[in-house]
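Here are a few worked exercises on reading packing from coordinates. Have your viewer ready and try each task before reading its solution.

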Amino acid sequence: MIACDFCDQSFPFIYQLLEHKDLYHKKPTINEGMDTKELQIDEDYPLDDTSADSSDKDSENPSPTLTKVVKKPELNYKELYHVRDQHARKFERLYKTKLTESKQHLSRIRLFEKQLDEFITNFKDSTFNEFSNSIINSKNIADFLELSRLFASKKFVKVSRSNQLLQAIKTLCTGLKYGVIPLVVFQRKRLNEKERKLIKLVDKKSVEDIKKLFLKYTKEFANIFQVVEKTLLLLRDLENESLNV
C-alpha cells in the first residue's frame, strides 16, 4: 500500500495516489498578472476514493440503453367525422338524383305503353291512314301555323274567340297524343308534366271546355305550340313538295 504525504490515506496503486493528489492536494494558480491563491480543502469533505468501486459496479451492471420514444400525433376525430358526414351527404344526394331520374324514366315508359295501348285499341292498320289524313292536311296545317303566329305575337284573346282555332288546338293535341304529329326526343324534353297532361286531356273535350282550359292554361298552350313549331313547318314543306310532284 502507498500512503499519501498530505492525508496519510493509502492506495494500492501509484496511479490512484497521483489522481488523489491532483484532485485534493494540488495548488492551482491563476496567471495573467494575478497573485497565486491556494484553494482550501474542506475538512468535512470525504477523502475515501470510491471511484474504483463505482467503476466496478458500473461495469458489472451496465445502464440500459435509452431508446427515443416517438409520440404519435393525436387524431382529430371531430374533423374526421366532419369529412365522413360530408361524403355521406354527397352520396345521399347522388342516390336521390339517380332515384329521381329512374322514377322519371319509368313514368315515361309507362306513359308510352299506355299511349301504345290506346293506339292499338282505337286504331287498326286499315283505319290509321284515314285518321292521320284527318289530322295532317293543308287546312289543318294552315290553322296550326296561324295559331303559332298568334301565340308568338301574344294575341290570346283572338284565339279564345275563334271556334275554328280552338278546334285546331284539339286536332293538334290529338295528333301529338297518338304520334301522328311526330316529336323528337329533344322536343319532348321541353314539355313539362302539366303540358303533357293537357295534351291528353284536350283530346276528349268539347270546344267550350277547350276554351276554358285555354283561358286557364294560356302559358302552357303557348309553350306547346312553340315546341312543335318546327315540326309544323316541316310538315308544311313536305306537303308542298308532295303537291309539286
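**Exercise 1: a residue in its surroundings**

Ile141 touches Ile136, Leu232, Leu235, Arg236 and Glu239, not counting residues up to four places away in sequence; contact means heavy atoms within 4.5 Å. Before going on, note that this is a predicted model, in which local features need pLDDT of at least 70 and side-chain atom pairs count only at pLDDT 80 or more, while totals for chains, interfaces and linings use all residues. Residues are numbered from 1 along each chain as its sequence is written, and side-chain values use heavy atoms, with hydrogens and water left out.

Task: find where Ile141 lies and whether it is buried or exposed.

Solution. 
- Step 1: Ile141 belongs to helix α5, residues 138-152. Helices here are DSSP runs (H or I, at least four residues), numbered from the N terminus.
- Step 2: the relative accessible area of Ile141 is 3%, so this residue is buried (buried is under 20% relative accessible area, exposed over 50%, partly exposed in between, with a 1.4 Å probe and protein chains only).
- Step 3: take one of the contacts, Leu235. Ile141 and Leu235 are 94 residues apart in sequence, yet their C-alpha atoms are 7.6 Å apart in space.

**Exercise 2: rings around Phe151**

Task: what kind of aromatic pair do Phe151 and Phe214 form?

Solution. 
- Step 1: the ring centres are 5.8 Å apart and the planes are at 50°, so the pair is tilted. Rings of Phe, Tyr and Trp (its six-membered ring) pair if their centres lie within 6.5 Å; planes under 30 degrees apart count as stacked, over 60 as edge-to-face and the rest as tilted.
- Step 2: Phe151 sits in helix α5 and Phe214 in helix α10, 63 residues apart.
- Step 3: both Phe151 and Phe214 are buried.
- Step 4: ring pairs join Phe151, Phe156, Phe214, Phe221 and Phe225 into a cluster.

Definitions and conventions
Helices (H or I, at least four residues) and strands (E, at least two) are DSSP runs, numbered from the N terminus.
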